[in-house]
Every structure is written in C-alpha cells, then in structure tokens.
Amino acid sequence: MGASKFLAAAASILTLPAAYAAQPAYPDKPIRLIIGSAPGSGPDIISRLMADRMYATWNQRVVVDARPGAAGVISAELSLQANPDGYTWMMLTSQLLVASQVFKKVPFDLARDFQSISLIGTAPFVLVINPTVEAKSIPDLVALAKKSPGQLRYGSAGTGASEHLSGVQFTQLTGTNIVHVPYKGVPQAIADTLAKEVHFSFAVPPAALPHIQSGRLRALGVTTPKRSSVLPDVPAIGEFVPGYQMTAWYSIVAPRGTPGMVLDVVNGEVVKATRDAQFVERLKNLGIDPVGSTRAELDQFRAQQTKLIAGLVKVSGATVE
C-alpha cells in the first residue's frame with residue numbers, strides 16, 4: 001500500500017469513533033406512548049408501569065397519551081400522523097385488533113402500518129355463571145345448552161367485542177345454540193348475570209374476581225389455551241373444547257418506518273421489565289401473565305390472532321359502519 005493510501009485509510013479509521021459519537025444516544029428526549037383506552041383502564045395502568053420502569057433506566061420520560069374512542073381506532077390514526085423517529089409508540093391491544101376487523105372502514109392496516117416491538121403480556125377472559133344454573137363445569141354447560149337450544153343467554157361487553165367473540169367461538173366449537181345479549185360494558189353484563197337476566201357472561205378477571213371470591217358467581221373456565229396464574233384452579237375451556245382460545249393481550253408497536261435500531265433497544269427494555277420480579281407481581285395482580293416477546297414472536301402472534309379474529313367476526317356477522 002502506498003504512503004498516501006495508508007494515511008488516508010488511517011485517517012478514515014480515526015474518524016470512525018467521532019462518527020459514532022456524533023450519533024445521539026437513544027432516547028435523548030421524552031417519548032410519547034399513545035393508548036386507545038381511558039385513564040384508569042388496564043392498558044393505561046400497564047403503560048404507566050412500563051413508563052416508570054423505563055424512566056428509571058433511561059432518565060427520559062415516557063408520556064402516556066390516552067386517546068380513547070372507537071375501540072382504539074383513534075389512537076392508531078393519531079400514531080400514524082407522527083414522525084416515525086422512535087419517539088412515538090402505540091399500545092396495540094386485542095381490543096384494537098378486533099375493532100380493525102369489526103369496523104367496515106379503517107384508514108390503516110395494522111399489519112402493514114405498525115412494526116412490532118414486544119408483547120408485554122396476555123390475560124384470559126373468564127366464563128362466569130350464575131350459581132343457580134345447573135352447570136358446574138364446561139361439559140355440564142354444553143350438555144345443558146344442547147338439552148335446551150336457544151334457552152340459555154350469555155352477556156358480553158357489546159357486539160363485536162372480544163367477550164362476544166369468546167361466546168361465538170364457544171357456540172361454534174360446541175355446536176350449541178346460545179343467545180347473545182350485548183351490553184355497553186362488562187359491568188352491566190356481570191350485573192345481569194348476578195340477577196340471572198343472562199345465565200353467564202365472559203369478563204376480564206379484575207371485573208369478575210370479587211364476585212367469584214364472594215361466591216355470587218361461579219367460574220367455569222378461562223379462555224386462554226392454558227390456565228391463568230390469577231385463577232389457577234379454574235380450567236381452560238380448551239381442556240374440554242379442543243381448539244378453543246380467546247386471549248386479551250397488550251403489546252407495544254411503532255409506526256412503520258421507525259428505525260430498526262430503536263425497535264431493538266425498546267424491545268430489550270420491555271423484555272427486561274417482564275423479567276423483573278416487582279414488575280411481574282404488579283402485572284399478575286391485574287390478572288396479566290407477562291410475556292416479553294421478541295419482535296419476530298410478536299409478528300407471528302399478531303398474524304395468528306388476526307386470522308382467528310377475522311374468522312370469528314365473519315361467523316358472528318358483527319360489523320360497525
């Protein structure tokens with residue numbers, strides 16, 4: 001190598017540290033985490049727990065921006081208006097995935113427009129029944145429904161909601177005819193289950209647990225493929241109904257175009273959080289089983305959930321203009 005070429009090569013090597021040093025460390029300013037649920041909701045609580053955890057690591061604020069409305073559709077629209085520079089994230093939940101299939105027209109494609117960061121955790125819905133109903137197990141409930149088709153009624157948080165689709169899948173896989181009664185929220189569905197206006201309903205554990213513990217409602221099964229840590233003695237419905245599963249879940253994604261390096265950094269912090277004993281305990285107190293997936297694992301999970309939900313929405317006929 002000639003002297004001039006050697007000097008040029010040496011000079012380029014010497015400038016490499018300076019070039020890397022010129023890249024600002026991520027994050028170097030506050031981050032916005034947009035959620036599609038109201039303050040005080042499950043996604044809001046989880047987001048704030050994650051924000052506190054990341055502040056302790058990065059010394060940068062993660063500002064939780066609650067934009068409820070249209071089952072999360074508004075939050076997705078708002079997220080896509082942001083610069084994809086890594087400083088805007090969105091909490092993608094099972095609720096928003098369902099909404100994207102139920103609403104006839106949404107101005108985005110979740111698979112195309114949002115890049116995966118990590119699946120934070122999953123939670124079951126629990127099938128709770130009025131204790132006066134003569135069914136003490138899932139097989140009992142199936143037998144009762146087949147004995148009296150069209151006579152049993154179940155409540156949900158509304159047409160097209162995950163709880164509704166939990167019932168759709170149950171009747172589809174068991175070959176039963178059970179009437180769906182939609183409400184404007186889980187509390188109303190539970191209240192009417194207590195009053196036996198409906199015979200059973202599907203609900204998230206935090207809403208159902210007080211009534212299960214008091215004996216006012218009986219838990220027959222959880223909708224996740226495996227039993228839940230918050231209800232370890234309650235079987236999975238899938239133990240009796242092969243192929244049955246419906247999962248509530250919480251993940252973090254970012255708008256398409258966000259740098260891969262940023263996605264990897266954030267994924268690493270989410271995974272660390274879901275391995276932290278204190279963070280895990282707080283999630284489990286909410287009825288959530290922590291996951292902390294890789295980006296690729298969340299991609300695969302989203303694809304599976306989209307296929308499942310799309311099929312159930314088609315069977316249910318649930319649509320919103």
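1. Start with Trp-89: this residue is buried, at a relative accessible area of 1%. Keep in mind that we're looking at a predicted model. Trp-58 also counts as buried, since its relative accessibility of 15% falls under the 20% cut-off.

2. What do these two tryptophans do together? Their ring centres sit 6.3 Å apart with the planes at 75°, and an angle over 60 degrees makes the pair edge-to-face. Trp-58 belongs to helix α2 and Trp-89 to strand β3 (residues 88-93), so the pair ties together parts 31 residues apart in sequence. Ring pairs also bring in Tyr-26 and Tyr-87, giving a cluster with Trp-58 and Trp-89.

3. The structure has eight aromatic pairs. Another of them joins Trp-249 and Phe-301, edge-to-face, with 5.3 Å between centres and 85° between planes. Trp-249 is in strand β10 (residues 247-255) and Phe-301 in helix α12 (residues 295-316), so this pair links parts of the chain 52 residues apart.

4. Ile-46, Leu-49 and Met-50 of α2 meet Phe-279, Arg-282 and Leu-283 of α11. By type, that contact is five nonpolar residues, one charged and no polar.

Notes:
Residues numbered from 1 in each chain as written. Predicted model: local features only at pLDDT ≥ 70, side-chain atom pairs only at ≥ 80, totals over all residues. Heavy atoms only, no water. Contact = heavy atoms within 4.5 Å. Helix = DSSP H or I, 4+ residues; strand = E, 2+ residues; numbered from the N terminus. Nonpolar A, V, L, I, M, F, W, Y, C, P; charged D, E, K, R; others polar. Phe/Tyr/Trp six-rings, centres within 6.5 Å; stacked < 30°, edge-to-face > 60°. Buried < 20%, exposed > 50% of the residue type's maximum accessible area, 1.4 Å probe, protein only.
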